[in-house]
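Here's a quick tour for anyone meeting this structure for the first time.

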Amino acid sequence: MIETFPSFAPVPLVYGHEDEAPALAEEIGGDVEVILFADPLSHRKAKERMNVTVPTLHVPITDAGLYKALFYAQQNGSLAGGISVDTLSETMVMRTLKDLDISGIRTVIFDGPAYTSMEKLLAFHQEQFRSGACSIAFTGAGSAAQELSALGIPNRWLLPSDQDIVVTLERALLSTESRRSKEAQIVVGMINVDDFGSLALKRSSEHEVQKLKLDIHRMVLDYVESLDGYLTHLGGDEYLFFTTRGIFERESGGYKTIPLAKDMNKTHGLSLSIGMGFGRSASAAGTNARVAMRKAKEAGGNACFIVREDGTLIGPLEMADPIREVLSFTDAELIKRAEDAGMTSAYLSKLLHNRARLDKYEYKVHELAALLGITVRSAHRLLLHWIDQGFVEVSGLEKVPRGRPRQIFKFTFLQKTPL
């Protein structure tokens, strides 16, 4: 694929195991403009062990690679006993199975932390296979695939698609010297612990509450450290941090997920609201971060939104719970049209958030009222107004045992909003 990028002068280095990657990367770090790793685990190990000043990226494993692996496994009749999958999120796996019309297969998905070691992935697949829960393993780690084969456990190595590689090469190109100025742009982030007061009341003593606060502070500090950022505690349950745009983009997988949110939820059962602000000055970035935080709160918490320097909105990013579509995008023109039609930013955020989590863009009037926190009468009045403005159309009727059929309203602009 790199041959389709004539501006690149590649220096290929081959490694047989993830542990070999850091030394190879350090060997060429002073002679290249960007280092591209073939897999996320090698990239993580290199970041932990080496000191290289050039940008580093990796080719991601996406559900596109799972399609190919499932196809070959199905051809061989290997799916009947169930599957175990690592690297990919539950959202990606279940969506792929549904698309292939094989969603009835017994599926076990690794739910450990990001960048898990090969040994833990291997132990997970071994346990599922030996217990009879699965008959074939799908892994994104090449070394794990080799070990599984040596143990006689059927497996498929999840490989990136050509499109995944092309997208990563484009990002690598943008990470070179010509992009350094934008990579170094200051980004302001705000983190708020959702409903911390209620959680604190469940603790048996003030000592336990203080321990919880310290644990939260440590986890936030570790996350900001991974961003090479600067953290300050604003008091209570809110934090402010600074990082650079390039680092945040890479650590979030291109504005797709926030690992801190998942780790916080699994460890303490907490959810976070996060607002990220980009700007041409620190002041503008801070203002945008506060706007993004307000969007996250309006969406009900457990969400992260980004407001860019031009005022456009990205979000919600994937947090503690899997969401069906990771990224939603709202441009300034759409926001203005929606608000002119009486659709406030709070209503728009909730509709987008629900679309991202549930792929939902059709509502009955009582469902919409519950989502927006208004009366059924008010919801019906708004729907009629939005129909007149071209945002909504009646898509069908639902029959009920008694009474008149209920109308189903389709928010057409949600279908057209790119992801």
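A residue counts as exposed when its relative accessible area is over 50%, as buried when that area is under 20%, and as partly exposed in between. Keep in mind that this is a predicted model.

**Helix 4 and what follows**

- Helix 4 covers residues 90-99, and Met92 sits in it.
- Thr91, Val93, Thr96 and Leu97 are the buried residues of this helix.
- Those buried residues pack against helix 3 (63-75), strand 3 (83-85) and strand 4.
- So is Met92 buried, exposed or partly exposed? Its relative accessibility is 22%, so Met92 counts as partly exposed.
- If you skip the neighbours within four places in sequence, Met92 touches Thr62 and Asp63.
- Met92 and Leu66 are 26 residues apart along the chain, and their C-alpha atoms are 8.8 Å from each other.
- After helix 4 comes Asp101, with a positive phi near 60 degrees.

**Two loop residues with positive phi**

- Asp101 belongs to the loop between helix 4 and strand 4 (107-109).
- Its phi is positive even though Asp101 is a residue other than glycine.
- Asp101 has a relative accessible area of 69%, which is over 50%, so Asp101 is exposed.
- Asp195 is another residue other than glycine with a positive phi, here near 50 degrees.
- You'll find Asp195 in the loop between strand 7 (186-193) and helix 9 (196-201).
- With a relative accessible area of 55%, Asp195 is exposed as well.

**Helix 5 against helix 6**

- Two packed helices are described by the angle between their axes and the distance between the axes.
- For helix 5 (residues 118-130) and helix 6 (residues 142-150), the angle is about 40 degrees and the axes are 9 Å apart.
- The two helices are therefore oblique to each other.
- Their crossing is right-handed.
- Which residues meet where helix 5 and helix 6 come together? From helix 5 there are Met118, Leu122 and His125, and from helix 6 there are Ser143, Ala144, Glu147 and Leu148.
- Sorted by class, this contact has four nonpolar residues, two polar ones and one charged one.

- Strands of a sheet pair through backbone hydrogen bonds, either parallel or antiparallel.
- Strand 8 (residues 230-235) and strand 9 (residues 238-244) are an antiparallel pair with five bridges.

- How many bridges join strand 15 to strand 16 (residues 406-411)? There are six, and these two strands run antiparallel.
- Val392 has Phe411 in strand 16 as its bridge partner.

Definitions and conventions. Residues numbered from 1 in each chain as written. Predicted model: local features only at pLDDT ≥ 70, side-chain atom pairs only at ≥ 80, totals over all residues. Heavy atoms only, no water. Axes fitted to C-alpha atoms, helices over the stretch in contact; angles between N-to-C directions. Helix = DSSP H or I, 4+ residues; strand = E, 2+ residues; numbered from the N terminus. Parallel < 35°, antiparallel > 145°, perpendicular 65-115°, else oblique. Left-handed = near helix turned anticlockwise from the far one by under 90°. Contact = heavy atoms within 4.5 Å. Nonpolar A, V, L, I, M, F, W, Y, C, P; charged D, E, K, R; others polar. Pairing = 2+ DSSP bridges. Buried < 20%, exposed > 50% of the residue type's maximum accessible area, 1.4 Å probe, protein only.
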